[in-house]
Amino acid sequence: MECRKGYNAIDYFRIIAAVLVVAVHTAPLEDISGTADFILCGIIARLAVPFFFMTSGFFLFKGGAEDNRRLAAFIKRTAVLYGGAVLLYLPVNIYNGYFNQEKPVLNILKDIVFNGTMYHLWYLPAAITGSLIAWFLVKKTGTGRTLAVSLLLYAVGLFGDGYYGVIEGVPAIKHLYDGMFCLFDYTRNGIFLAPVFFVMGAAVSGHKKLPVKFCLPGFIICLTGMIGEGLFISSRNWQRHTSMYVMLVPCMFFLFSALCGIRGKRKLILSRAAMIIYIIHPAAIVAVRLMAKLLHAEEWFVENSLIHFVTVLILSAGAAMGILYIIQLKKVQAAFNKAAETDRAWMEIDLENLKHNVKQLQEIMPEGCRLMAVVKADAYGHGAVRVSGCLNKAGICNFAVATIDEGIELRRKRVKGRILVLGHTDISRAAQLRGRGLVQTITDLEYARQLNACGMDIETEIKLDTGMHRSGLNAEDIESIIKIFSLKHIKVTGIYSHLCAADSHGKEDVEFTRRQISLYFDVLEVLKERGISVPGTHIQSSYGLLNYPEIKCDYARIGIAMYGVLSSKSDSTRVCVDLRPVMAVKARIVQIRNIKAGETVGYGRTFLAGKDSRIAVISIGYADGIPRELSGGNEYVIIHGKRALVIGRICMDVMEADITEIEEAAVGDTVTVIGKDGEEFISAEDMAAGAGTITNELLSRMGKRLKKRYI
Ligand SMILES: *Cc1c(COP(=O)(O)O)cnc(C)c1O
């Protein structure tokens with residue numbers, strides 16, 4: 001399965017398109033050469049708006065025109081944006097005397113439907129009209145006929161735009177057009193210009209993509225043609241407006257097809273930034289003019305067209321970044337406030353820390369070695385889908401899970417890349433392995449033969465037992481290993497082993513580990529000698545990497561370290577990495593009560609108050625994953641940045657803490673069970689040590705009942 005396939009070239013081009021639109025409204029080359037400026041702004045930049053329409057069509061029509069709700073959602077989004085933009089420019093409109101015109105109601109209505117209430121805003125109503133026309137035509141007549149009809153509309157539009165001069169000599173037709181121009185100012189609108197590009201976007205999304213090496217030359221040839229066309233019709237003075245050209249249609253087809261052929265990680269932030277730049281650049285123009293006037297620098301910032309353009313662009317882009325940042329902040333804040341108001345207990349999963357840990361670990365891996373993210377057991381309790389999605393975005397394309405069902409869940413949620421199933425899968429599920437593109441571990445020859453007998457090509461990895469004596473083929477049993485490579489349907493793409501004492505610095509453990517490592521590499525050597533090309537190799541898990549970083553393999557299977565903790569508090573590692581915990585666990589005070597000296601708290605009356613005390617009932621218990629073993633007087637939680645001792649036995653759903661010293665504590669307050677609050681910090685390592693276990697167990701057992709909040 002291919003990793004990171006999104007239409008990212010489209011996202012990048014949106015920024016170029018936004019810059020072109022800014023150019024149209026600032027004429028950057030005017031001072032240098034009128035012709036050059038016309039070629040840039042009057043011709044090339046006219047690709048921008050059709051590109052936006054095509055992009056909308058492309059995503060809108062993905063999956064056909066069946067579900068009207070998709071269209072409704074698109075129109076609603078566009079209308080809200082339009083409404084916001086209209087309001088944003090109201091002050092400018094007022095300043096310009098927009099409302100003092102003749103027949104204001106009629107004209108404003110026309111502007112709202114067709115022209116836009118500000119010169120650049122026509123695009124938004126046009127997107128609504130265009131999408132409506134395209135959608136219902138496609139629904140009624142199919143894509144092919146819709147394309148023909150919308151091309152016809154485009155042709156009608158051409159004679160009101162670039163080719164107006166041609167019909168000016170024919171009075172009857174000229175009257176017809178002038179009649180239309182009573183209704184709207186230009187034919188470059190939602191009726192004549194937009195539909196064809198929506199439909200072309202739909203057509204591209206519905207068909208097999210043409211190869212880029214064919215589209216790119218096609219685009220260049222058509223663009224050259226369009227420049228020629230533009231210069232010609234301009235020399236004839238035919239243009240009433242410069243938005244529509246004959247060559248624009250094939251030009252856009254090739255350009256868009258080429259962009260669709262270039263795939264990679266999507267950059268949605270760019271598309272949002274482009275839209276904001278589009279909406280606000282006229283405001284930036286006003287701001288630059290105002291600033292220039294105040295600073296008496298009009299000569300530079302207004303009259304010099306190139307500097308003017310660059311300044312407007314920088315201001316617009318800066319504003320876009322600011323707005324996006326605030327939106328992001330608000331979203332995070334809203335999610336948190338919601339949790340802070342309502343949840344009884346929850347997890348906070350810091351995806352920034354996850355990405356940080358991945359970077360740190362990648363830095364100590366030898367060159368060419370890739371991180372295989374171990375996301376079994378719901379990513380050690382962190383939520384495998386979100387964690388894997390985040391890792392995908394950070395460029396991680398290799399995952400390991402314990403079971404086929406974990407693998408299927410990730411595939412369902414569109415996690416990309418290679419997913420290795422570490423554990424056993426019943427032969428009866430071979431078709432699912434294949435269908436979901438999962439890689440199955442082979443632990444013995446007999447299993448491999450049975451899998452082979454299913455008759456489906458299945459991608460596999462061989463697991464070697466080099467001394468742990470858990471699962472895997474005995475590393476000395478070379479003949480069995482080689483036989484697996486000869487099975488017709490078993491496609492071996494990896495060979496790995498697992499270290500069982502890599503966390504220890506004891507002399508014997510180190511010697512044992514070194515023997516495991518050399519045994520593993522011996523097998524690889526023998527395979528090579530026998531003419532078998534050795535597939536992907538890996539033997540290190542977290543401690544394997546941290547204590548034996550010099551091992552050179554294709555992958556390192558990293559679990560616990562990626563989640564920002566070590567297994568045990570007392571562990572030290574040969575390389576030190578700045579790991580940051582990804583998970584925090586929080587709960588709430590749901591009741592506060594006062595008890596007298598001599599009274600007891602909880603089941604079994606294990607806590608006896610030595611003095612009058614104030615006790616908080618906290619809404620989290622062992623069913624949420626807090627080990628019951630922690631009952632007994634050594635476990636703390638943090639409230640208002642201060643430690644409070646957990647007292648009595650931890651119950652299934654609640655536990656209690658002594659808050660006598662924390663006077664400000666009140667019902668509803670947040671309690672940090674794992675994590676940081678002010679100066680205080682309770683690590684998962686602390687808690688695991690208290691319960692006599694390792695963090696791997698503690699985190700992976702965090703209860704399903706805890707809601708997860710992702711940061
Ligand atoms: C769980 C597991 C890992 C990950 O181990 P960590 O110590 O959490 O990094 C690696 N390999 C195998 C085979 C595993 O089962």
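The expected span of a helix is taken as 1.5 Å times one less than its number of residues. Helices (H or I, at least four residues) and strands (E, at least two) are DSSP runs, numbered from the N terminus. The model is predicted; local features need pLDDT of at least 70, side-chain atom pairs count only at pLDDT 80 or more, and totals for chains, interfaces and linings use all residues. Residues are numbered from 1 along each chain as its sequence is written, and side-chain values use heavy atoms, with hydrogens and water left out.

A straight helix of its 36 residues would reach 52 Å, but the end C-alpha atoms of α7 are only 17 Å apart. A kink of about 120° is centred on Gly142. The bend is the angle between axes fitted to the seven residues ending at a residue and the seven starting there.

A polar side-chain atom of Arg557 lies 2.7 Å from a ligand nitrogen atom. Taken alone, the ligand exposes 380 Å² (Shrake-Rupley method, 1.4 Å probe), and the protein buries 89% of that.

Confidence is given as pLDDT, from 0 to 100 for each residue. The protein chain averages 92, and 98% of the residues score at least 70. Mean confidence is lowest in helix α15 (residues 305–342), at 85, and highest in strand β3 (residues 398–401), at 98.

How values were computed:
A polar contact is a pair of N or O atoms within 3.5 Å; within protein, one must be able to donate a hydrogen and the other to accept it, and residues adjacent in sequence count only if both atoms are side-chain atoms. pLDDT is the predictor's confidence in each residue, from 0 to 100.
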